[in-house]
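Try each task yourself before you read the solution.

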Amino acid sequence: MNKDIYLTNNLNNKKEKFVPMDKEKIGMYVCGPTVYDNPHIGNARPLVIFDILFKVLKSKYGNNSVNYVRNITDVDDKIIKSSKEKNISISELTTNVIKDFNDDCKYLNLDEPSQQPKATDHIDLMIEMISSLIKKGFAYEKNNHVYFEVNKFEDYGKLSNKKLKDLIAGSRVKVSDNKKNAEDFVLWKPSSDHEPFWESPWDKGRPGWHLECSAMSKKYLGDVFDIHGGGIDLLFPHHENEIAQSRCANNTKSFANYWIHNAFITMSNEKMAKSTGNMLKIKDFKESIDGQVLKLALMSAHYKQPLDWNEKLLNDCQNTIEKWYEVYLSIDQKITLSDDILSPLFDDLNTPGYIANLHQLYDKALKGNNNDKSLFVLACNFIGILNKTKKEWLSIKKKKLSINEVDILRKIELRNKARKGKNYKEADKIRKELFDKGVLIEDKDGKTIWKLK
Ligand SMILES: [Zn+2]
């Protein structure tokens with residue numbers, strides 16, 4: 001691929017040409033899940049978007065050139081709270097949720113990231129980083145708490161476009177007795193009884209959430225790397241704090257060169273949040289919908305735009321995948337995707353533009369030869385859809401049918417009886433009933449056969 005990749009960089013909110021520091025070693029860090037509960041559809045959006053970016057980078061620079069790190073937060077107040085509510089140990093909770101999370105990623109047919117580090121495996125690095133921040137005068141300890149002193153870092157607020165004086169004025173939170181300033185954020189805090197803890201120079205305790213990404217990105221990608229991503233809700237304060245910690249600890253002028261954030265998913269135009277009760281978990285879709293349908297829906301809006309989630313969107317995507325399988329064919333390996341086909345994805349991950357290209361390729365494939373069909377399937381495969389064979393797709397569909405095979409045959413028998421008795425109205429009614437349940441029937445050579453729509 002000769003085309004350049006363009007991305008909207010939130011450091012300056014401009015679309016910029018992506019220039020890697022070393023095109024053979026591209027580093028991308030994306031904030032992963034906090035494993036206190038199964039991921040919801042809002043969490044699925046960054047998973048799918050950064051998977052597309054991973055694929056685009058690999059297609060330009062080669063499969064082994066991209067180091068994609070997606071962390072797992074397995075120590076956090078929400079985890080402690082959830083384990084108490086569920087009355088199970090923290091390790092049982094996090095093990096279960098991590099397993100479900102990995103299953104969800106498979107269901108969405110995502111490429112595995114190069115690394116998936118867990119916060120609890122890197123506490124020593126976090127302690128090291130805190131010690132270095134204290135030594136350099138950017139952090140202070142009080143009563144076994146350690147805070148980062150925000151006003152010591154003059155670039156604070158550059159990513160989120162916030163001014164420190166506005167942050168201070170806007171802060172209504174009661175300043176803790178341990179904090180010097182309201183805007184300071186915690187790097188280490190003591191654990192009470194029954195909470196997970198680690199030994200540290202500031203007594204038994206655990207790290208603040210922001211710190212883990214600074215520690216793990218340093219370990220796997222170095223002090224300065226190419227891309228950092230996540231949902232827009234992480235831009236402030238999480239990412240702002242990551243920049244402050246990392247740049248001060250590592251003595252660098254920059255941290256990540258490109259900051260990419262995806263917008264929210266809304267439900268009937270409301271932000272999806274636990275408090276409003278409109279959370280849809282990824283696993284809730286597994287029974288009724290194939291992962292590639294969900295994936296297509298998640299790519300239907302540009303990542304910078306909010307995506308409104310509704311039944312119509314899912315139905316449309318189901319029908320689209322259904323239609324696309326009509327021309328499915330196993331791929332002729334000699335065929336490659338042209339720059340023109342891929343170009344919307346290279347232009348700031350324009351997934352709706354790419355889907356429009358797929359519709360055009362489908363139209364060509366429908367009228368064209370096997371080469372056209374292979375090209376269409378290959379283009380679908382690029383974004384991780386139509387990866388199942390037609391046989392697999394049909395068997396999944398059959399499993400998800402709202403009527404079983406015995407009932408279908410019984411209905412056909414009833415219809416044949418009705419036809420014999422010249423009760424065509426009844427026969428048509430049964431045909432319509434089956435059709436509504438996804439079954440097509442055909443009368444051929446005196447026999448009735450059925451197939452899935
Ligand atoms: Zn993070």
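The exercises below look at rings, strands, cysteines and backbone angles.

Before you start: this is a predicted model, where local features need pLDDT of at least 70, side-chain atom pairs count only at pLDDT 80 or more, and totals for chains, interfaces and linings use all residues. Residues are numbered from 1 along each chain as its sequence is written, and side-chain values use heavy atoms, with hydrogens and water left out.

**Exercise 1. Classify the aromatic pair of Phe18 and Tyr61, and work out which parts of the chain it ties together.**

Step 1: Recall the rule. Rings of Phe, Tyr and Trp (its six-membered ring) pair if their centres lie within 6.5 Å; planes under 30 degrees apart count as stacked, over 60 as edge-to-face and the rest as tilted.

Step 2: Apply the rule. The centres of Phe18 and Tyr61 are 6.2 Å apart and the planes make 75°, so the pair is edge-to-face. The structure holds 15 aromatic pairs.

Step 3: Find the elements. Helices (H or I, at least four residues) and strands (E, at least two) are DSSP runs, numbered from the N terminus. Phe18 lies in the loop between strand 2 (14-17) and strand 3 (26-30), while Tyr61 belongs to helix 1 (residues 41-61), so the pair ties together parts that are 43 residues apart in sequence.

Step 4: Look around the pair. Phe18 and Tyr61 are both buried (under 20% relative accessible area; exposed is over 50%, partly exposed in between, with a 1.4 Å probe and protein chains only). Together with Tyr258, Phe18 and Tyr61 form one aromatic cluster.

**Exercise 2. Describe the open sheet of 4 strands and name its edge strands.**

Step 1: Read the order. The strands run 5-6-7-8, with antiparallel pairing. Two strands pair if DSSP finds at least two bridges between them.

Step 2: Find the edges. Strand 5 (139-142) and strand 8 (205-207) each pair on one side only, and that makes them the edge strands.

Step 3: Zoom in on one pairing. Strand 7 (residues 185-190) and strand 8 are joined in the antiparallel sense over 3 bridges. Trp188 stands opposite Pro207 in strand 8.

**Exercise 3. Count the disulfides, then check Cys380.**

Step 1: Know what you're looking for. A disulfide is a covalent bond between the sulfur atoms of two cysteines. The test here is a pair of cysteine sulfur atoms within 2.5 Å.

Step 2: Count. The rule gives 0 disulfides.

Step 3: Check Cys380. The closest cysteine sulfur to that of Cys380 is in Cys317, 12 Å away, so it's too far for a bond.

Step 4: Check accessibility. Cys380 counts as buried because its relative accessibility is 0%.

**Exercise 4. Which backbone features stand out at Asn13, Lys422 and Pro237?**

Step 1: Most residues other than glycine have a negative phi, and most peptide bonds are trans.

Step 2: Take Asn13. Its phi is positive, about 55°, although Asn13 is not a glycine. You'll find Asn13 in the loop between strand 1 (6-9) and strand 2, and it is partly exposed, with a relative accessible area of 47%.

Step 3: Take Lys422. Phi of Lys422 is near 55°, a positive value in a residue other than glycine. Lys422 sits in the loop between helix 14 (405-420) and helix 15 (424-436) and counts as exposed, at 61% relative accessibility.

Step 4: Take Pro237. The peptide bond from Phe236 to Pro237 is cis, with omega near 0°, and Pro237 lies in helix 7.
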